[in-house]
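This briefing covers model confidence and two residues. Please view the structure first.

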Amino acid sequence: MALWVLKREGGFLKAKVKIDKVIEENPRSSDGLAALFLRARGYEGGWYGAIDYELAKNDYKLLIENKDKVGSKGLLGYARVLFKEENIESFDEIKRLCDEAIALDGNIKARALIGFSYEKFNKDYASAARYYLSSFLHGSKWGLGFYSSAKIRDGKFAIGLVSKIAYHLMYPILNIFDRSKSAIYYEKGPRAKGRGC
């Protein structure tokens, strides 16, 4: 709701002026890197009026160059934009970026994004399920839900249904221990609902 109000009142555009100024002053400072991340997310999500994946990728590249300071945020962001561009030829690069994010700081959203990529580009539900389960075992409550859906799509109905029931029964408990902070793994456009990163 707050994001919608900010967008309606032109708040994102006003914020972008300040974000750009912080980046211009010192892009490699803590504030500059945080501003780069916000600007990249804004370009990616269309917060400034239109989605611009190229500008988002430019900012994520700068974050990747500073991964020693910001962790895997740039790697995951760049991979997520490639995923949204829906080019099957990007699969190997998405997986490489996500594997690097996992190696860097165990990013659980990167694990899920690999799963989404296996599903979307390869229709490989068994591999997707492995990554979703890994995401769950490393702290994402959403991983078990994604796992069960992938198992069902893979024709493994029994394990899919059992894990789906377990997911819904355990959901209140999983909420307490969730490390993913949100259901957002990837979104398609600024008003998308459901999964996002």
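In which helix does Ala-158 lie? Ala-158 lies in helix H11, residues 157-177 (helices are DSSP runs of H or I with at least four residues, numbered from the N terminus). The model is predicted: local features need pLDDT of at least 70, side-chain atom pairs count only at pLDDT 80 or more, and totals for chains, interfaces and linings use all residues. Residues are numbered from 1 along each chain as its sequence is written, and side-chain values use heavy atoms, with hydrogens and water left out.

**Confidence**
- The average pLDDT (the predictor's confidence in each residue, from 0 to 100) is 88 for the protein, and 86% of the residues score at least 70.
- Residues 1-5 stay under 50 in pLDDT, and the model has one contact for them beyond four places in sequence (contact means heavy atoms within 4.5 Å).
- Residues 186-195 also have a pLDDT below 50, with 27 contacts in the model beyond near neighbours in sequence.
- Where pLDDT is low, the predicted coordinates should not be read in detail.

**Ala-158**
- Ala-158 counts as exposed because its relative accessibility is 58% (exposed is over 50% relative accessible area, buried under 20%, partly exposed in between, with a 1.4 Å probe and protein chains only).
- Ser-148 is 10 residues from Ala-158 in sequence, and their C-alpha atoms are 9.7 Å apart in space.

**Asn-107**
- Asn-107 sits in the loop between helix H7 (91-105) and helix H8 (108-122).
- Asn-107 is buried because its relative accessible area is 13%.
- Beyond its neighbours within four places in sequence, Asn-107 is in contact with Ser-72, Leu-76, Ala-101 and Ile-102.

Methods:
Helices (H or I, at least four residues) and strands (E, at least two) are DSSP runs, numbered from the N terminus.
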